[in-house]
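Here are some notes for a colleague who is new to this entry.

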Amino acid sequence: MRVGILSDTHGLLRPEVLELLAGSDRILHAGDVGKPEVLARLRQLAPVEAVRGNVDTEPELVRLPGTLAGHLGEVPFRLVHSREEVAEGWLRAARLVVYGHSHRPEISWHGGCLLLNPGACGPRRFQLPLTVARVTVAEGGRLVPEVLAVE
């Protein structure tokens, strides 16, 4: 299973992002969507799950959950907008925890849990690179993460 992961689009969904996410079986958006049209366009690629970020004030976006728990096949995951909202127990209960907000990509392992920030792929801010992530759920539930540059 290929899972496309993005955050902090802030209303801008670049064609390059769509190309990088093409072929995903699922898409996770870690908040700061910015405009409902972003989610509508992503849904044309694959089923989308998203959480509300601090800029998501439009009526359709304010209804997004603040946190989300689910499964990617047999792999339990948690999704939230900012690292500060990651509950301590999540690193024990989930195999994948995704967050955004900082615009800085991160891949780190905490025991058997992958903590992943895909970075940001909306308007360029803070002179940070534009990135998305992909996680492949391989045989036996093994997670293979990648951060992809938006060129």
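**Notes on the predicted model**

1. Strand 4 and strand 5 (residues 75–82) run antiparallel and are joined by six bridges. One of the residue pairs is histidine 71 with proline 76, the latter lying in strand 5. The model is a predicted one, which applies to every point below.

2. This pair belongs to an open sheet of five strands, ordered 4-5-6-8-7, in which the pairing is mixed. At the edges stand strand 4 (67–72) and strand 7 (106–110); each has a single partner strand, so one side of each has no neighbour in the sheet. From one strand to the next, the twist averages 20°. In general, strands of a sheet pair through backbone hydrogen bonds, in either a parallel or an antiparallel way.

3. The largest nonpolar core has 20 residues, and the members that touch the most others are Leu6, Val17, Leu39, Leu42 and Val132. Helix 1 (15–21), helix 2 (36–43) and strand 3 (48–50) are the elements that each give two or more residues to this core.

4. Which residues does valine 17 contact, leaving aside its neighbours within four places in sequence? They are Leu6, Cys121, Val132 and Val150.

5. Cysteine 113 counts as buried because its relative accessibility is 0%, and buried means under 20%. Cysteine 121 also has 0% relative accessibility and therefore counts as buried. The structure holds zero disulfides.

Key: Residues numbered from 1 in each chain as written. Predicted model: local features only at pLDDT ≥ 70, side-chain atom pairs only at ≥ 80, totals over all residues. Heavy atoms only, no water. Disulfide = S-S within 2.5 Å. Buried < 20%, exposed > 50% of the residue type's maximum accessible area, 1.4 Å probe, protein only. Core = buried A, V, L, I, M, F, W, Y, C linked by side-chain atoms within 4.5 Å. Helix = DSSP H or I, 4+ residues; strand = E, 2+ residues; numbered from the N terminus. Contact = heavy atoms within 4.5 Å. Pairing = 2+ DSSP bridges. Axes fitted to C-alpha atoms, helices over the stretch in contact; angles between N-to-C directions.
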